[in-house]
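Here is a short report on a ligand site and a few residues of one protein. Look at the model, then read on.

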Amino acid sequence: MKIYYSPYSPYVRKVLVAAQELGLADRIEQLPSAAHPINRDKTIIAHNPLGQVPTFLRDDGTVLADSRVICEYLDDLAGGTLFPRSGEQRWRALVDQTVGDGILAAALLSRYEVAVRPPEKLWQDWYDGQMDKVETSIAAIEKAAPTLGERIDIGTISFGCAFGYLDLRFPDNGWRTRHPQSAAWYARFEKRPSMQATRHPAPVG
Ligand SMILES: N[C@@H](CCC(=O)N[C@@H](CS)C(=O)NCC(=O)O)C(=O)O
């Protein structure tokens with residue numbers, strides 16, 4: 001199995017954390033790539049019209065796109081429990097994944113607004129709206145944080161990758177001060193070997 005990969009992509013990290021938790025990480029070859037919304041990577045597009053990472057190649061060559069789909073595939077392959085099969089646990093895990101991914105989507109759009117868009121075209125209200133989405137979503141996690149315990153599923157993995165990405169790209173955000181229960185939960189969660197093995201490198205430039 002192969003994955004088009006960027007060490008800075010939180011969605012790639014989701015897949016790699018899931019693979020680590022499922023004992024599949026050693027079976028996935030990481031292919032370097034340069035996904036970018038403007039300078040689009042033709043190598044990825046040849047497999048996935050969206051040109052995004054993660055893009056995943058199964059052993060038979062078929063392609064899976066989107067971290068949600070890839071994580072569910074890996075869970076199925078390993079007979080795992082990252083996607084609970086039924087009942088309240090399932091809906092909780094899936095909704096939590098939606099919130100974690102939503103934080104990532106808003107944070108990534110904010111990141112592109114400052115890192116990709118020419119400075120004279122920066123739309124501050126747009127940026128602020130996206131970062132407010134991050135904030136209201138963490139506020140929701142904060143309410144649930146005392147109930148998360150040692151839960152390991154696609155929801156908590158998404159939360160962990162969202163907090164990791166905020167620390168990478170928005171180190172001055174200060175979310176821990178405003179959301180201490182989430183901070184306490186993440187302090188435990190990020191110690192997991194799966195999170196340690198997939199840490200983002202320090203940003204360049
Ligand atoms: N919903 C997708 C989002 C993937 C995504 O936005 N990846 C970013 C990198 S973190 C990307 O490829 N950006 C380039 C682009 O959107 O053109 C997933 O969960 O995998």
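## Glu113 in helix H4

Glu113 lies in helix H4. Helices here are DSSP runs of H or I with at least four residues, strands are runs of E with at least two, and both are numbered from the N terminus. This is a predicted model, in which local features need pLDDT of at least 70, side-chain atom pairs count only at pLDDT 80 or more, and totals for chains, interfaces and linings use all residues. Residues are numbered from 1 along each chain as its sequence is written, and side-chain values use heavy atoms, with hydrogens and water left out.

Glu113 is buried, at 4% relative accessible area. Buried means under 20%, exposed over 50%, and partly exposed in between, with a 1.4 Å probe and protein chains only. The Glu113 side chain reaches the backbone nitrogen of Trp123 at 2.9 Å. That is a polar contact (a pair of N or O atoms within 3.5 Å; within protein, one must be able to donate a hydrogen and the other to accept it, and residues adjacent in sequence count only if both atoms are side-chain atoms).

## The ligand shell

The ligand has 13 residues around it, and Gln52, Val53, Asp66, Ser67 and Tyr112 come nearest. A residue is near if one of its heavy atoms lies within 4 Å. By class, the shell holds eight nonpolar residues, four polar and one charged. Here Ala, Val, Leu, Ile, Met, Phe, Trp, Tyr, Cys and Pro count as nonpolar, Asp, Glu, Lys and Arg as charged, and the others, Gly among them, as polar.

In the side chain of Ser67, an N or O atom is 2.7 Å from a ligand oxygen. For Tyr112, a polar side-chain atom lies 2.9 Å from a ligand nitrogen. Taken alone, the ligand exposes 510 Å², and the protein buries 84% of that. Helix H1 (10-22) and helix H4 (87-115) each give two or more residues to the shell.

## Ser9 and Pro10

Ser9 sits in the loop between strand E1 (2-5) and H1. Ser9 is buried, with a relative accessible area of 8%. A polar atom of the Ser9 side chain lies 3.3 Å from the backbone nitrogen of Tyr11.

Pro10 lies in helix H1. Why does Pro10 count as buried? Because its relative accessible area is 2%. Pro10 and Asn39 are 29 residues apart in sequence and 19 Å apart in space, C-alpha to C-alpha.

Notes: Accessible areas come from the Shrake-Rupley method with a 1.4 Å probe; for residues, only the protein chains shown count as cover.
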